[in-house]
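Q: Hi, can we go through this one together? I'd like to start with the strands.

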Amino acid sequence: MSTLLGILLQASLPTLFWLGISAQDAPRLMPMLAESGADHYICHQQKASDVLKVLDAAAENGVKVYAGFPDLISNPEENFGIINSHPAFEGYYLKDEPEVWDIDGLGKLVERFNTLDPGVPCYINLYPNWAWDEEKYASRIELFANTVDVPFFSFDQYPVTEVDGKVVVRPTWYRNLEEFSEMARRHGKPFWAFALTKSHYLGPPSPPAFYPVPTLGTLRLQVMSDLLYGAQCIQYFTFGGIYKPETLEKTEVFDIVREVNRGIKALSPVFLGAKVHGVWHSGDVIPPYTKRFSPETVPSLKELNMSGEGAVVSLLENGKHLYLAVQNRDCINKVSLNTVFKKRVKLFGGRKARSFNLEIEPGDAVVFQLK
């Protein structure tokens, strides 16, 4: 039986797809999921027998699954044993985007699962800030954290939208990352975050938005910002975005996701288990509710200048190492980054020097090892 400890001890950051695989198509689609570089899946089916079919396909492809079905939620004591001994089983999927009035009941439900199967994680994903009232969001996620004893916190927000053919990043996004990551650190637990792989239209009562087909730049923008704020798992909504439902063939998004996942895995020594000391933003205009970057906040740094819209800058500690991660906040255009340090530092995956003149692709990031 897998536990959260197993996730934390693995050598690379977990990546997860959220739904999109039917029991019937699982034998054909689960190999595609593994080929994309993802290693976890959220499965919710109406029948336990269908959950087991998905679990079987996952086990054959080395994928771990958070699984749920209605009878499991209504009667955990009678149904948890159906799935918890399966080799692909990772944890219990309980709820997506609960309302505020659901929190007390979820606390009691998780307590039942924690008693039945100690150490096995329960998965609940929370709303973005615009859906839970931005001004009340921090207090509401704090209420959830104090009431529901899950081993990690998860939320979704899909920031990249399109208006009249132009990419527009939601102004609520970085505030969401600020408040959610701060809450998770305060409670000493990791948080998980999302990126969007499926184009769709979101209408009222939500703020109407069209989510375009992701590009490498827009997907990197989401993923790398999540990581710089300390996310310990990247989740994709949804697996249905990387294959054609009529033929089950891969779409162009498959190759993008695979490339991004390779980058995530390569950066695992930096981000997996890291302690975030601070996140700042640079540029003429920085996102609302974020902090402006100043080189004085980073040991050994003298200058940091980026062209374009600006940067996300994160100072992280992992083991004996201190890292400085710098992200291009523009998901359309590449930028130039010029840095000068007080002593030689190492570009992660590259050379040692005191100064660097680099080009950063849209949404991408570079990492410097300071010690």
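Q: Which residue in strand 5 is the bridge partner of Tyr93?
A: Tyr123 is the bridge partner of Tyr93. Helices (H or I, at least four residues) and strands (E, at least two) are DSSP runs, numbered from the N terminus.

Q: How many bridges join strand 4 to strand 5?
A: 4 bridges join them, and the two strands run parallel. Strands pair if DSSP finds at least two bridges between them. This is a predicted model: local features need pLDDT of at least 70, side-chain atom pairs count only at pLDDT 80 or more, and totals for chains, interfaces and linings use all residues. Residues are numbered from 1 along each chain as its sequence is written, and side-chain values use heavy atoms, leaving out hydrogens and water.

Q: And what about strand 3 and strand 4?
A: Strand 3 (residues 64-68) pairs with strand 4 in the parallel sense, over 3 bridges. Ala67 has Tyr92 of strand 4 as its bridge partner.

Q: Why is strand 4 largely enclosed?
A: Because 6 of its 8 residues (89-96) are buried. Buried means under 20% relative accessible area, exposed over 50%, partly exposed in between (1.4 Å probe, protein chains only).

Q: New topic. Where is Ser300?
A: Ser300 is in the loop between strand 13 (275-281) and strand 14 (301-306).

Q: Buried or exposed?
A: Ser300 counts as buried, at 13% relative accessibility.

Q: What does Ser300 touch?
A: Not counting residues up to four places away in sequence, Ser300 touches Phe341, Lys342, Lys343, Val345 and Leu370. Contact means heavy atoms within 4.5 Å.
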